[in-house]
Amino acid sequence: MKKMKALVKARPERGLWLEEVPIPEPGINEVLVKIKKTAICGTDLHIYLWDDWAQRTIKTPMIIGHEYMGIVVKMGSGVRNMEIGDRVTGEGHIACGHCRNCRRGKKHVCQNTIGIGVNRDGAFAEYVVIPAENIIHLDKRISDETAAIMDPFGNATHTALSFPIIGEDVLITGAGLIGSMAVAICRFAGARYIVVSDLSDSRLEIAKKMGADLTINPSKGEKARDAIDKLGMYGFDIGLEMSGSPAAFNDMIDNMYNGSKIALLGILPNTTTVPWDKIIFKALSLKGIYGREMFETWYKMEQMLISGLDLSPVITHRFHFEDFQKGFDVMEERNSGKVILNWE
Ligand code: NAD
Ligand code: ZN
């Protein structure tokens, strides 16, 4: 049996191990992809650190990773609309295809979703097998590095385009990877003012590069209210919560305009308390976001990228996969933008 190198969560403890494992075989309606580039996601860091969520979710041993791009090198029987050599990435959630949501065309809220690199072997390897249905063909105008981060770009796109945005004033709490990409999307989609908050000035710098009009750092006592006064608004029309911070979410609710809308991507702790009376009396709409819409979000991403939306400012580090430890170290220090691992 032919072997490949892979980053394996081999044991239920902190760490990740580079191992030689068998190259997987594509089954019926599956595709074997030779990996060129991957990116490290916050989820991968959770698995690496072996925190509570990882301990509850991950069954070892398993190859992790779900942000990737590569080349189709083998196809199982039944695969159509694909050729050996196609340049591809893939949707990381495998929907069951037969639950009520799948059958009504809402695969992103499938009740039996399986996550690549979370519930089955992932893409931090020389090869990965994924269902043909999950394959996304890449336009040649999209670079390999950009293609490798389309999964989180999809989270940002799904969130930012949840509500009509043209002419609206937007507050984004959290200028992490996804928040920064959301800035560029809101700019692209015609928002009026985009205000971004984060506790880290270096992250706010990236948000500015991506098109933010004004940034606020709550750790320096700055508040969303200051931005409203400075820009001459009544309040924000659209809120994108991308920090997972209860304090940020509360500041957002305080500063939303009556009748406005909030999309929630950041994973808020279950202990978060909010002023329900404000949500009710301001007539706010709240929408939870999970993953990407299959496959409308991917279509929108492709069109934005080939029309000039530039994600390159969010990529700050590049390593060969054998130096993966350096990549996880900079992620753990929380001083990085996106970290790319090269597999060529
Ligand atoms: P990230 O950790 O890179 O970004 C979070 C940012 O929030 C950080 O820059 C942090 O400094 C900032 N922050 C923390 N407290 C803040 C506060 N009080 N005010 C303002 N900013 C604050 O994470 P990411 O990869 O960009 O993801 C964003 C969030 O979305 C995370 O909570 C992540 O778990 C979640 N997520 C959800 C989904 C989904 O499908 N719902 C998918 C991916 C990620
Ligand atoms: Zn389903």
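Select N81: it is exposed, with a relative accessible area of 74%. Exposed means over 50% relative accessible area, buried means under 20%, and partly exposed is in between (1.4 Å probe, protein chains only). N81 lies in the loop between β5 (67–75) and β6 (87–90). Helices (H or I, at least four residues) and strands (E, at least two) are DSSP runs, numbered from the N terminus. The phi angle of N81 is near 60°, a positive value in a residue other than glycine.

Before moving on, note that this is a predicted model, in which local features need pLDDT of at least 70, side-chain atom pairs count only at pLDDT 80 or more, and totals for chains, interfaces and linings use all residues. Residues are numbered from 1 along each chain as its sequence is written, chains are lettered from A and ligands numbered from 1 in the order in which they are written, and side-chain values use heavy atoms, with hydrogens and water left out.

Next, select W50, in the loop between α1 (42–49) and α2. Phi of W50 is also positive, near 60°, in a residue other than glycine. Is W50 buried or exposed? W50 counts as buried because its relative accessibility is 11%.

Now look for two cis peptide bonds. One runs from T60 to P61, with omega near -5°; P61 sits in the loop between α2 (52–57) and β4 (62–63). The other runs from M294 to F295, with omega near 0°, and F295 belongs to the loop between β16 (285–288) and α11 (296–306).

Select H93, which is in strand β7 (residues 93–94). H93 has a relative accessible area of 14%, so it is buried. Its side chain makes a polar contact with the side chain of Y290, at 3.5 Å. A polar contact is a pair of N or O atoms within 3.5 Å; within protein, one must be able to donate a hydrogen and the other to accept it, and residues adjacent in sequence count only if both atoms are side-chain atoms.

Then select the zinc ion (ligand 2). Which residues coordinate it? The SG atoms of C96, C99, C102 and C110 do, at 2.3 to 2.4 Å. Donors are N, O and S atoms within 2.8 Å of the metal (3.2 Å for Na, K and Ca); water is not among the atoms, so sites may look incomplete. The angles among the four donor atoms are 104 to 118°, and the site is tetrahedral (for four donors, all angles between 85 and 135 degrees). In sequence the donor residues follow the spacing C-x2-C-x2-C-x7-C.

Move to ligand 1. It is surrounded by 21 residues, and the closest are I178, D198, R203, I289 and G291; a residue is near a molecule if one of its heavy atoms lies within 4 Å of it. A backbone N or O atom of I178 lies 2.9 Å from an oxygen atom of ligand 1, and a polar side-chain atom of R203 lies 2.9 Å from an oxygen atom of the ligand. Taken alone, ligand 1 exposes 850 Å², of which the protein buries 78% (Shrake-Rupley method, 1.4 Å probe; for residues, only the protein chains shown count as cover).

Finish with helix α5 (residues 150–160), where 11 of the 11 residues are buried.

Notes:
Four donors count as tetrahedral if all angles lie between 85 and 135 degrees; four count as square planar and six as octahedral if opposite donors are over 155 degrees apart and all others between 65 and 115; anything else is irregular.
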